[in-house]
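Student: Can you walk me through this one? I'd like to start with the packing, then move to the strands.

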Amino acid sequence: MAQCGGCCCARSWRGHHAAACSSTVTCLLQPSQPAAIPARSIAPAASAPIQEERPGPSGAEGGPPRACPHAAIPGPPGAEDLQRLGSPVDPRKVLIVAGHHNWIVAAYAHFVICYRIKESSGWQQVFSSPYLDWAIERVALNAKVVGGPHGDKDKMVAAASESSIILWSIQDGGSGNEIGVFSLGVPVDSLFFIGSQLVATSHTGKVGVWNAVTQHWQVQDVVPITSCDTAGSFLLLGCSNGSIYYIDMQKFPLRMKDKDLLVTELYHDPSNDAITALSVYLTPKTSVSGNWIEIAMGPARAVRVIVQHPETVGSGPQLFPDLSLCNRSPVTKIMLSEKHLVSLCADNNHVRTWTVTRFRGMISTQPGSTPLASFKILSLEEAESHGSYCSGNDI
């Protein structure tokens, strides 16, 4: 592998490995030739499929989805005029990277490129998207699609900007087809796959799901979302009312009376404070009923851990008292792993870490958690940087 020579890589990559380029970090992939900017199409793109907007369990009111701007908003007259939040963006700069299995997707301002690695040939470019008239803000990649539109060998890549999402299917040979352009109706805050389902969420309280089996896009109203994470086939939503809700994407349950997604409340914090951070850890212990699930969350200025036993699904998750830790300011990010619990506060990016005690793989209160470190991060990324892909457990 070649050393990084000033290339512009994304600040985060949610995949099997994560790396950010600097002068002392080894580059994972550095093409011998810079990416060619796709030619802009003069013909307007196909219109988005009809969207479905349904009220969710919160009873929130939502207006009709806005028209997808994929074709309605023209792009800039030249590459030199590319804009991102009022600042110029280098059209050849990689802004976001996401990975899945042996594939990665690199997102530029107005197009994406997919690469695949093989032991015999190394990294190879497989797919390049057409030029998009809107600036890409989120990407998601699924290199292992089951029940896709063209069989199980499909790969899928999605890109989002503002409220619009475009989804491509990539065949094994590298050819790609546009599945559709969808609208969430509000700006997309996170974009990711759960199994074969593409999921988009917005803090305003909307969840959009594209089902690979039914080829159906559905937008659901929920309580305003303040955090989210995934656990197996489950999507967990931390909301402004202090509740954690979940949706089983594998079963893709729809209510019989109105065909809404079945959104179930898993836990409600007694303080009624917004769940501003959420991290789920599935332990190795399983039973016929399912997994032992641990959830770390940050309601207001506290860090709490709750545990759901497979044998006590009906009674709800249990709070671990010794892991109810106070913070100086609201928790913005949290991560629970096998050995550590990490929280990030809004106060000058204050980081606190603890060791996690386990017995036979399950979290234990004996001897309990131990504070490990406490420090502040003065700067997370350059002021000029493009917003990078970050979801779930990424800190």
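This is a predicted model: local features need pLDDT of at least 70, side-chain atom pairs count only at pLDDT 80 or more; totals for chains, interfaces and linings use all residues.

**Cores, rings and sheets**

Tutor: The largest nonpolar core has 24 residues. Those with the most contacts inside it are Val105, Val112, Ile136, Val139, Val157 and Trp168. A nonpolar core here is a set of buried Ala, Val, Leu, Ile, Met, Phe, Trp, Tyr and Cys residues joined through side-chain atoms within 4.5 Å. Buried means under 20% relative accessible area, exposed over 50%, partly exposed in between, with a 1.4 Å probe and protein chains only.

Student: Which strands each supply at least two residues of this core?

Tutor: β4 (96–100), β5 (103–107), β6 (112–118), β7 (122–128), β8 (138–142), β9 (155–161) and β10 (164–170). Strands (E, at least two residues) and helices (H or I, at least four) are DSSP runs, numbered from the N terminus.

Student: Where does serine 129 lie, and is serine 129 buried or exposed?

Tutor: Serine 129 sits in the loop between β7 and β8. It counts as buried because its relative accessibility is 2%. Serine 129 touches Pro38, Phe111, Val112 and Trp168, again leaving out residues up to four places away in sequence.

Student: How many aromatic pairs does the structure hold?

Tutor: It holds 4. Tyrosine 108 and phenylalanine 111 form a stacked one, 4.5 Å centre to centre with 5° between the planes. Both tyrosine 108 and phenylalanine 111 are buried. Rings of Phe, Tyr and Trp (its six-membered ring) pair if their centres lie within 6.5 Å; planes under 30 degrees apart count as stacked, over 60 as edge-to-face and the rest as tilted.

Student: New topic. Why is strand β18 described as largely enclosed?

Tutor: Because 5 of the 6 residues of β18 (residues 243–248) are buried. β18 pairs antiparallel with β17 (residues 234–239) over 5 bridges. Two strands pair if DSSP finds at least two bridges between them. Glycine 238 has isoleucine 244 in β18 as its bridge partner.

Student: What about the turn there?

Tutor: The hairpin of β17 and β18 has 3 residues between the strands, and glycine 242 takes a positive phi near 90° in it.

Student: Which strand do 4 bridges join to β18?

Tutor: β19 (residues 264–268), and the two run antiparallel. Tyrosine 245 stands opposite glutamate 265 in β19.

Student: What order do the strands of the open sheet take?

Tutor: The order is β25-β26-β27-β30, 4 strands with antiparallel pairing. β25 (331–336) and β30 (370–376) are the edge strands, each pairing on one side only. β27 (residues 350–355) is joined to β30 by 6 bridges. Valine 351 stands opposite phenylalanine 375 in β30.

Student: And the totals?

Tutor: The protein chain has 1 helix and 30 strands. Buried residues make up 49% of its 395 residues.

Technical notes: Residues are numbered from 1 along each chain as its sequence is written. Side-chain values use heavy atoms; hydrogens and water are left out. Contact means heavy atoms within 4.5 Å.
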